[in-house]
Amino acid sequence: MLRQKALHDIVASQAKRLEHQAAQLSDWNRSLEQTVAEQVTELERMARLRRFLPEQVADLIVAAGNGDALLQSHRREVTVVFCDLRGFTAFAETAEPEEVMTVLAEYHSCLGEQIVRHEGTLERFVGDGIVVVFNDPLPCADHSERAVSMAAAMRDAIDEHSERWRKRDYLLGFGIGIARGHATIGRIGFDQRSDYAVIGTVSNHAARLCEEAKSRQILVSQRVVGAVESLVESVPVGELTLKGFRRPMPAYEIVRWIGRPS
């Protein structure tokens, strides 16, 4: 009887221990599922942000936990950079599609390095045009300085590609327009597809300046040159009649980026 009682107690103890271990395992599974779900959510948020933000900015937004709030519609002063290739339409009409895509890949890769290095926000691609915004979604006091510095670096970087393009008989130039002003900014689109957009006159101003720019020319608005005049060598180009603007707009050419003394 005593041996049977001892065996019964052992079985009961083991059953209780197994029940406790099963409960622990269930808790661990629930915790693991929750952790995996949170990680998947974070990866999805990072993927959405990285569609139009530099990696370091996307990381900062996710770490702060307020990425969605930062991308809600809001108004802010920004500096917008619009750049594109001169002669691209004629090139695309006569070149083979594979040649066009190769040039675009080289062009986007070249400019992308400078956008990331200067922590600009890629707003959109428009064929051979690229729109970059500074001072949103994360504010930076020197947004016009960063924009002009990036533009000068882009021009230098494209010079190397232009030489190779000329050897392939591709007659392509590169122009940039930069404007500063207030805009309405945020996410636009629908559930399956959304973009980050800058809406306002400042975007149109930058695009029109870019249209007026000759190859290798950086044209900026009066507000931009006023913010960076001690850091650049610039010359006035007079008042330009820009499409969509009721009066001529003063413009300046950035000849050289000097920067702050080290």
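Side chains of opposite charge can pair when their charged atoms come close. In the predicted model, 13 salt bridges were counted.

One of the salt bridges joins Arg76 to Asp136, with 2.9 Å between the closest N and O atoms. The two residues are 60 residues apart and belong to distant parts of the chain: Arg76 lies in strand 1 (residues 74-86), and Asp136 lies in the loop between strand 3 (129-134) and helix 6 (143-167). The partners fall into separate accessibility classes. Asp136 has a relative accessibility of 1% and is therefore buried, the limit being under 20%. Arg76, with a relative accessible area of 23%, is partly exposed.

Strand 1 also holds Glu77, which pairs with Arg180 in strand 4 (residues 173-190) across a separation of 103 residues, again linking distant parts of the chain. The closest N and O atoms of Glu77 and Arg180 are 3.3 Å apart. Glu77 has a relative accessible area of 17% and so counts as buried, because this value is under 20%. The pair is part of a network of salt bridges that links Glu77, Arg180 and Arg223.

A further salt bridge is formed by the side chains of Glu123 and Arg124, with an N to O distance of 2.3 Å. Glu123 is buried, at a relative accessible area of 6%, whereas Arg124 is partly exposed, at 35% relative accessibility.

Methods. Residues numbered from 1 in each chain as written. Predicted model: local features only at pLDDT ≥ 70, side-chain atom pairs only at ≥ 80, totals over all residues. Heavy atoms only, no water. Salt bridge = Lys/Arg side-chain N within 4 Å of Asp/Glu carboxyl O. Helix = DSSP H or I, 4+ residues; strand = E, 2+ residues; numbered from the N terminus. Buried < 20%, exposed > 50% of the residue type's maximum accessible area, 1.4 Å probe, protein only.
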